[in-house]
Amino acid sequence: MHLFDRQPAPRSGLASLNVTRRQVLAGGLLAASAPLLAGCFNGGGGTVYGQPSGDTPKQYKDRQRVVMWSPFTAHNAEILQANIDAFNESQEAIFCEVQIFEGYDKVESKLAASLQAKQVPDLSVMSDIVWNRFYLNDALEPLSGYFDDSFGTDSFHEQFLKEGTLKDKIWWVPFGRSTPLFYFNRDIFAEVGLPDRSPKTYSEYREWGKALAGYSRNGTKVAMRGYTGNDDWYFQGSSWAFGGGYSDGLDMRFTSEGTVNALEFDRAFIHDDKSGYLSADPGGDFIAGATASITESTGALAGIAASAEFEFGCGFLPKEDGTGVPTGGGGLSILGYASDDRKKAAWEVLKFLSSGDAAIEWTLGTGYMPTTKAALESEKVKAKADENPNYQVAIDQLEIAQGPDVVRKFVPEAVPEMKGAIQAVYSGNADAEKTLKTVQANLEPALEKVRAKYDAKVGA
């Protein structure tokens, strides 16, 4: 989910940047059986938990050790490790070790298990929804007091920093943020007679899908879009575009007219119009020319550019009753149960990764959107956007993007419940309204579990 690059398969170059097999396998120790964060942690109160074991090279053995947990693998792991290596060489007091887990879900599971085991990392990358749950359970360190004149809150893009702020305190700073974009095959659009742009509305998009009916290219029937049923991130945005959403505060809106209309649009697009289908790899299908368009992360840009043998364009997501652009990706938090020395050292790592060349190289190397003003305004990033106007689309669209609804952030069951719902509609032609009524009913008990803590720690 990033701006300039899709994560490729792992490469042998990992070892050259000190990303070790031990680091990658660290995620397997507890994640498979770890329970969901269940509200059993009641704040540090001065309590200090142990630090995960790992490897400290001889040249760093006398330094304060910081353990950082990361979901980034393959190429992105290399870029992060390069920046961490630069940090370790930039000073003589701190050594940071990155331990790698395969994706945000594995980080979440391992963090929940580590809190139960009373052994936590000092710094962790968490997704835009997951950090909220650890905040609710008093597991995070407030970061506002760490900022100073040399590194202030004004270093970050206001939209992204706001998403990590609750009760006037910062708990999570942006690191690897993204939004979805509309991608389209310019050659196919031209041959069918469609405009050379993204659709202005979902209604227009549906008409375009009908215009494509019966079209074949190189002997292959072409659909307008391949859907993925394993990620509700897209649907969070489209629900807003149709005037719905997941919730208003803790008041669920799954059964609202707008949310139902959004899911009914997808159902009709797939099953009535035959313009779309449930795909195991929507991005791969688009690159192969089997689909004329996709809704994908900003991070697919470089991957598609490197693989597609056709001209493609990018545009804003369609509107309908309004806009619907969700932000996504991750950020950095410090664990509240680390010792004060570990927290202070972790802050220095966070500060380094979010400053100067490190922030710019992270953006350019991985493709995640620039989250600091220095990166956004750097000549290197501007040159990248000038080189390919599609990159500028992602930056421009950020102005109309927004963070997740409350229920998606604070109710852990919401995302898997919605994944099941959209899969049922996409693959089985399930009734949209009935499916969403079931979702809302199923989530009522889960919502009530978090209501008291949410009201105390988040609500006005």
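**View 1. Strands 6 and 17 pair in the antiparallel sense over four bridges.** Strand 6 covers residues 173–178 and strand 17 covers residues 328–334. Helices (H or I, at least four residues) and strands (E, at least two) are DSSP runs numbered from the N terminus, and two strands pair if DSSP finds at least two bridges between them. Val173 has Leu332 of strand 17 as its bridge partner. Six of the six residues of strand 6 are buried, so this strand is largely enclosed by the rest of the structure. Buried means under 20% relative accessible area, exposed over 50%, and partly exposed in between (1.4 Å probe, protein chains only). The model is predicted: local features need pLDDT of at least 70, side-chain atom pairs count only at pLDDT 80 or more, and totals for chains, interfaces and linings use all residues. Residues are numbered from 1 along each chain as its sequence is written, and side-chain values use heavy atoms, with hydrogens and water left out.

**View 2. Strand 15 (residues 312–315) is covered on both faces.** Phe312 and Cys314 lie on one side, Gly313 and Gly315 on the other, and all of them are buried. In a regular strand the side chains alternate between the two faces of the sheet. Strand 7 (residues 180–185) runs antiparallel to strand 15 and is joined to it by four bridges. Within this pairing, Phe182 has Gly315 as its bridge partner.

**View 3. Helix 9 (residues 257–272) is mostly covered.** Of its 16 residues, 12 are buried, among them Val260, Leu263, Phe265, Phe269 and Ile270. The buried set also includes the charged residues Asp266 and Arg267. Their cover includes helix 7 (202–212), helix 8 (233–241), helix 18 (414–428) and helix 19 (432–457), as well as strand 10 (223–227) and strand 13 (276–278). Just after helix 9, Lys274 takes a positive phi of about 60°.

**View 4. The whole chain holds 19 helices and 18 strands.** Its radius of gyration is 22 Å, close to the 23 Å that the globule rule gives for 460 residues, so the chain is as compact as a globular protein of that length. The radius is taken over C-alpha atoms, and the rule is 2.2 Å times the number of residues to the power 0.38. Along its principal axes the C-alpha trace spans about 70 × 50 × 40 Å. Buried residues make up 59% of the 460 residues. Of the contacts (heavy atoms within 4.5 Å) with a separation of 6 or more, 79% are between residues 24 or more positions apart.
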